[in-house]
Amino acid sequence: MPDHVAPVVSPESASRRTRSILERKLLQLAAEESSLGVAVPEPGSQVQYGKRAGDHVAEAADRMARSRTAGELEKLEEEVRAALAKLAAGTYGSCEDCQGPVPAARLQALPWATRCVDCQSRLRR
Ligand SMILES: [Zn+2]
């Protein structure tokens, strides 16, 4: 077996560190998600609106608040996975939309950022 090792460049260790940060974030998100205890709502198991208003309204509101949080976690998880995929593809640090560089400061604050500030804010509009 040829012992050929590709020349090691410093970005390699940097991306390895980033990957471990992202993987840890994924684990943390998974833990948060399970601590929410929100099961995927099944059709037909919804709260009966209108039938005895009062308790049920509060319950429904609580449920909605919780599912929104779960949705946010899911979205974040997707972003972290996308960043990991970019890392594996060697495109980490470049914007998903304009292919421009994502500022290092942004990546430091948000390692799973896959878009530059401009594209991200355009996306949210
Ligand atoms: Zn961009």
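Author: Let us go from the overall layout to single residues. This is a predicted model, in which local features need pLDDT of at least 70 and side-chain atom pairs count only at pLDDT 80 or more, while totals for chains, interfaces and linings use all residues. Residues are numbered from 1 along each chain as its sequence is written.

Reader: How many helices and strands does the chain have?

Author: Helices (H or I, at least four residues) and strands (E, at least two) are DSSP runs, numbered from the N terminus. Here the chain has four helices and zero strands, so read from the N terminus the order is α-α-α-α.

Reader: What share of the residues counts as buried?

Author: A residue is buried if 20 or more other C-beta atoms lie within 10 Å of its own, exposed if 12 or fewer, and partly exposed in between, with C-beta atoms placed from the backbone. In this chain of 125 residues, 10% count as buried.

Reader: Which residues form the largest nonpolar core?

Author: A nonpolar core is a set of buried Ala, Val, Leu, Ile, Met, Phe, Trp, Tyr and Cys residues joined through C-beta atoms within 7 Å. The largest one has nine residues: Leu 22, Leu 29, Val 80, Ala 83, Tyr 92, Val 102, Trp 112, Ala 113 and Cys 116. Helix H1 (10-36) and helix H2 (55-89) are the elements that give two or more residues to this core.

Reader: What does Val 102 touch?

Author: Two residues are in contact if their C-beta atoms, placed from the backbone, lie within 7 Å. Leaving out residues up to four places away in sequence, Val 102 touches Gly 93, Ser 94, Cys 95, Leu 107, Ala 113, Arg 115 and Cys 116.

Reader: Where is Pro 111, and is Pro 111 buried or partly exposed?

Author: Pro 111 sits in the loop between H3 and helix H4 (117-124). Pro 111 counts as partly exposed because it has 19 C-beta neighbours inside 10 Å. Not counting residues up to four places away in sequence, Pro 111 touches Thr 18, Ile 21, Leu 22 and Ala 83.

Reader: And what is the phi of Gln 99?

Author: Most residues other than glycine have a negative phi. Gln 99 is not a glycine, yet has a positive phi of about 65°. Gln 99 is found in the loop between H2 and helix H3 (104-109), and counts as exposed because it has 10 C-beta neighbours inside 10 Å.
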